[in-house]
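Welcome, and thanks for taking a look at this one. Here is a short tour of some helices and sheets, arranged by topic so you can follow along in your viewer.

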Amino acid sequence: MKSKLCLLLIVFLLLMTPAVVSFGQPQTKTLVLTHANLIDGVSATALNDVTVIIKDGRIDSVSAGVETVPGATVLDLKGRWLLPGFVDAHAHVSDMRAARAALSSGSTTLRCLGVNHFADAGIRDLSRAGAVDLPDVIAAGYHVRPRMAEEFFMNFPAMSNLMTGLSGAENVRRVVRLMIERGANVIKTMGTERAGLPDTDPRKRIFTDEELAAIVDEARRHNIFVACHAHGDEGAQAAVRAGARSIEHGTYLSDQTLALMKERGTYLVPTIATVIDLIDPGGDYDNPVLAVRGRAMLPRIREVTAKAAKMGVRIVAGTDTSYGPASIRRMPHEIIELVACGMSQMDAIKAATSVSAACLGIDNRVGAVKKALEADLVVIDRNPLADITAIQDVLVVINNGHVVVNRIAW
Ligand SMILES: [Zn+2]
């Protein structure tokens, strides 16, 4: 009798356990969002009192007024603001905890620009296999740079002859091919040294014209874009001429390089919030040398971003964070910084959604709230077009049609 009761109890508990994460489960449910004020990521203005119907993880319809679907789950947003999920064009996420932190902040897609052991590709594969608590990832694998990470040689011991340095067109091509063979969706390289290390000069150029051209050409043969880290102008301009898809940071870009980027359609991902992180205590960096450097860099990066936006260079939002336990940067910080550089609230939101998706080459599936795209959405409380700081108040995150965060009491 006792064991029967026990069994009943177990069955009852199993039935009552909520399916928080429906890993690999077919998405057949219909979700209807009503009374939304919609910023769809592509239109010039917001749309009021909209109904969005989501079926099988995709947006099925976007329409004015109230629509009903029998048997569907309905979330009445009561005039709250619905936006596409953020597409963070520059992140460094190396574990599941960080990936979940990114998603819960509203970043439904990450372009991961350099981590060890292909953790980014692993997170991507899990996400695409149906783990709805993980964001989608556009993975780069390792940074392709003169000093490859030591972990790279642990993955590819046959490349140990490059431990003293990666140079030469043939060698960089080999490394690009290795990244692609291991599943990279994008190649990350560097035109200058880093800003986030105390003993480097971020203006200093690395890689020759020939090496940069070889990196871009090898990636292009596989239909893959190259994102190039560059602060100094010479290294950045060389990367633009080589055909990089985006310049990451761009702190010291000259007017001539900006004009060239405008002409060639090269995207600028300034990651201004990173430079603030160099200065502020805590966060991903906490070093007095970097804090002093950051104070010198911040006015420059803001000036370059403002100028680039005015000239019509395509600006994209990225956090350049690891989303680690100490990380304080999130996409809303960068969006607010872009507005402070003179971009309109709407353009800054597009920089974090549709324009970012275009930079990554995935605007046919994310970055906007329109029919047939993936249902990656965020809900915020107040109108970000009236006050951009409202964008920090992410209440709901929907990933591939699944509500993964809900901070509203409905
Ligand atoms: Zn970075």
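In which sense do strand 10 and strand 11 pair, and over how many bridges? The two strands pair in the parallel sense, over four bridges. Please keep in mind that this is a predicted model.

**Helix 6**
- Helix 6 covers residues 209-221, and its 13 residues should span 18 Å at 1.5 Å a residue; the C-alpha atoms at its ends are 18 Å apart, which agrees.
- Its buried residues are Glu211, Leu212, Ala214, Ile215, Val216, Glu218 and Ala219.
- The cover over these buried residues includes helix 5 (169-181), strand 9 (186-190), strand 10 (225-230) and helix 7.
- After helix 6 comes Asn223, with a positive phi near 55°.

**Helix 8**
- In helix 8 (residues 255-264), Thr257, Leu258 and Met261 are buried.
- Viewed down the helix axis, the buried residues of helix 8 fall within an arc of 100°, so they line one face of the helix.
- On the other side of helix 8, Asp255, Gln256, Ala259 and Glu263 are exposed.
- Helix 7 (233-242), strand 11 (246-249), strand 12 (267-269) and helix 10 (288-311) are among the elements that cover the buried residues of helix 8.
- Gly265 follows helix 8 and has a positive phi, near 75°.

- Three strands form another open sheet, in the order 6-7-8, and here the pairing is parallel.
- Strand 6 (86-91) and strand 8 (136-139) are the edge strands, each pairing on one side only.
- The twist in this sheet averages 20° from one strand to the next.
- Strand 7 (residues 107-112) pairs with strand 8 in the parallel sense over four bridges, and Cys112 stands opposite Ala139 in strand 8.
- Helix 2 (residues 96-104) lies across strand 6 and strand 7, and runs at about 130° to strand 7.

Key
Residues are numbered from 1 along each chain as its sequence is written. This is a predicted model: local features need pLDDT of at least 70, side-chain atom pairs count only at pLDDT 80 or more; totals for chains, interfaces and linings use all residues. A residue is buried if 20 or more other C-beta atoms lie within 10 Å of its own, exposed if 12 or fewer, and partly exposed in between; C-beta atoms are placed from the backbone. The arc is that of the directions from the helix axis to the C-beta atoms. Two residues are in contact if their C-beta atoms, placed from the backbone, lie within 7 Å. The expected span of a helix is 1.5 Å times one less than its number of residues. Two strands pair if DSSP finds at least two bridges between them. Axes are lines fitted to C-alpha atoms, for helices over the stretch in contact, and angles run from 0 to 180 degrees between N-to-C directions.
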